[in-house]
Amino acid sequence: MKYGLVLEGGAMRGLFSAGVIDVLMENNIILDGTVGVSAGAAFGCNYKSGQIRRAIRYNTRFCKDKRYCSKRSLFKTGDLFGAEFCYHTVPDELDIFDNAAFAASPMEFWVVATDITTGKAVYHKCGPIDYDELEWIRASASMPVVARIVEVGGYKLLDGGISDSIPLRFMESRGYDRNVVVLTQPRDYVKKPASGISLMKMKYRKCPELIKAAENRHKMYNSELKYIRGAEEKGSAFVIAPEESLPVGHVEHDPDVMREVYRIGRRIAKERLEALQAFLDKE
């Protein structure tokens with residue numbers, strides 16, 4: 001039996017997931033594999049490296065730093081979330097990512113990005129963390145329009161949420177029989193058509209398959225939620241989700257708001273801990 005963890009994205013909603021995985025680590029619940037999308041990749045890598053509270057620590061420390069996330073960064077570099085600062089300076093110098101622990105862990109760690117040429121999901125299994133592996137994580141979290149296209153591994157990539165927002169099917173295809181799925185929207189959430197398609201059509205006019213994927217994203221997302229509910233009913237998935245919409249947007253500069261979202265994740269994870277353990281222990 002292989003146990004997996006599926007981490008949805010959602011930009012700063014991902015701090016909910018950061019709270020969940022910290023509770024898992026504090027209770028020595030370490031699964032066999034993890035797949036993260038967007039913020040799920042950026043924050044979820046700390047699960048494999050075993051770095052409790054790292055995600056909430058560096059987010060609250062740098063949330064008002066213009067190098068981290070600002071209109072100035074967007075206008076100056078093409079990235080709302082500063083690429084070099086967030087994905088290289090922070091993990092290499094300012095809040096050091098434990099590369100050795102990540103490499104030593106037997107856990108598989110996958111990230112999802114979207115190929116802008118095909119509009120399809122690309123699943124990348126991360127090896128020991130170096131510059132390119134950090135670029136894969138950046139690619140997974142590169143929101144369209146407000147981030148540059150990331151070129152790595154022979155691909156041109158953007159946010160994985162465009163093509164596979166909650167990759168439970170992927171984990172099952174890799175042999176993970178039971179999966180813990182962490183959502184960053186409430187269970188009854190229904191995604192609506194994207195409002196920024198006109199901007200995408202202007203910016204990515206040479207990428208028709210990417211546009212098509214973005215236009216159909218709400219259908220893909222809602223279909224994935226339906227599939228997850230079915231897996232939960234069958235007993236092959238365990239879902240952890242916020243009870244209501246989280247009090248945070250894609251961008252957040254208030255550390256107290258960040259801490260509140262993180263605390264909500266911790267609280268719900270603790271409330272569901274006994275049921276989760278029963279799910280993992282079930283033959």
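1. A cavity, as the word is used here, is a set of grid points where a 1.4 Å probe fits but cannot get out. The model is a predicted one. By this rule there are 2 cavities of 30 Å³ or more. The second largest cavity holds about 70 Å³ of space.

2. The second largest cavity is lined by Leu183, Arg187, Leu225, Ile228, Arg229, Glu232 and Val239. Helix 11 supplies the largest share of this lining, 4 residues. By class, the lining of the second largest cavity has 4 nonpolar and 3 charged residues, and no polar ones.

3. The largest cavity contains about 440 Å³ of space. Its lining is made up of 29 residues, and Ala42, Phe43, Cys86, Tyr87 and Ala141 are the closest to its centre. At least two residues of the lining come from each of helix 2, helix 3 (54-62), helix 5 (83-94) and helix 7 (131-140). Helix 5 gives the most to the lining of the largest cavity, namely 5 residues. The class count for the lining of the largest cavity is 23 nonpolar, 3 polar and 3 charged.

4. Which residues does UniProt list under "active site"? The entry, which is unreviewed, gives Ser38 and Asp159. The two are spread over 122 residues of sequence but cluster in space, with a largest C-alpha distance of 6.1 Å. From this set, Ser38 is included in the lining of the largest cavity.

5. Ser38 sits in the loop between strand 2 (33-37) and helix 2 (39-49). Is Ser38 buried or exposed? Ser38 counts as buried because its relative accessibility is 6%, and the cut-off for buried is under 20%. Leaving aside residues up to four places away in sequence, Ser38 touches Gly9, Ser140, Ala141 and Asp159.

6. Asp159 belongs to strand 6 (residues 155-159). Asp159 also has a relative accessibility of 6%, and therefore counts as buried. With residues up to four places away in sequence left out, the contacts of Asp159 are Ser38, Ala113, Thr114, Ala139, Ser140, Ser142, Met143 and Pro144. Pro144 is also one of the lining residues that lie nearest the centre of the largest pocket.

7. The volume of the largest pocket is about 820 Å³. Of the 31 residues that line the largest pocket, Pro144, Lys191, Ala194, Arg217 and His250 lie nearest its centre. Helix 9 (197-203) and helix 11 (217-234) are the elements that give two or more residues to this lining. The lining of the largest pocket consists of 15 nonpolar, 10 polar and 6 charged residues.

8. For the second largest pocket, the volume is about 200 Å³. Its lining residues are Thr118, Gly119, Lys120, Ile162, Ser163, Glu209, Lys212, Ala213, Asn216, Lys219 and Met220. The elements that give two or more residues to this lining are helix 10 and helix 11. Helix 10 contributes the most, with 3 residues. By class, the lining of the second largest pocket has 3 nonpolar, 4 polar and 4 charged residues.

9. Two of the residues that line the second largest pocket, Glu209 and Lys212, form a salt bridge, with 3.6 Å between the closest N and O atoms. How far apart are Lys212 and Glu209 in helix 10? They are 3 residues apart in helix 10 (residues 208-215), so about one helical turn separates them. Lys212 is partly exposed at 44% relative accessibility, and Glu209 is partly exposed at 33%.

10. The structure has 14 salt bridges. In the one between Arg263 and Glu260, the closest N and O atoms are 3.2 Å apart. Both residues lie in helix 12 (residues 255-271), 3 residues apart, about one turn of the helix. Arg263 is partly exposed at 45% relative accessibility, as is Glu260 at 34%.

11. Arg67 has a relative accessible area of 43% and is partly exposed.

Notes: Residues numbered from 1 in each chain as written. Predicted model: local features only at pLDDT ≥ 70, side-chain atom pairs only at ≥ 80, totals over all residues. Heavy atoms only, no water. Salt bridge = Lys/Arg side-chain N within 4 Å of Asp/Glu carboxyl O. Buried < 20%, exposed > 50% of the residue type's maximum accessible area, 1.4 Å probe, protein only. UniProt positions renumbered as here; feature names shortened; annotations may be inferred. 1 Å grid on protein atoms, 1.4 Å probe; cavity = no way out; pocket = protein on both sides within 12 Å on 5 of 7 lines; lining within 4 Å. Contact = heavy atoms within 4.5 Å. Points joined across faces, edges and corners; volume = space filled by probe spheres on them. Nonpolar A, V, L, I, M, F, W, Y, C, P; charged D, E, K, R; others polar.
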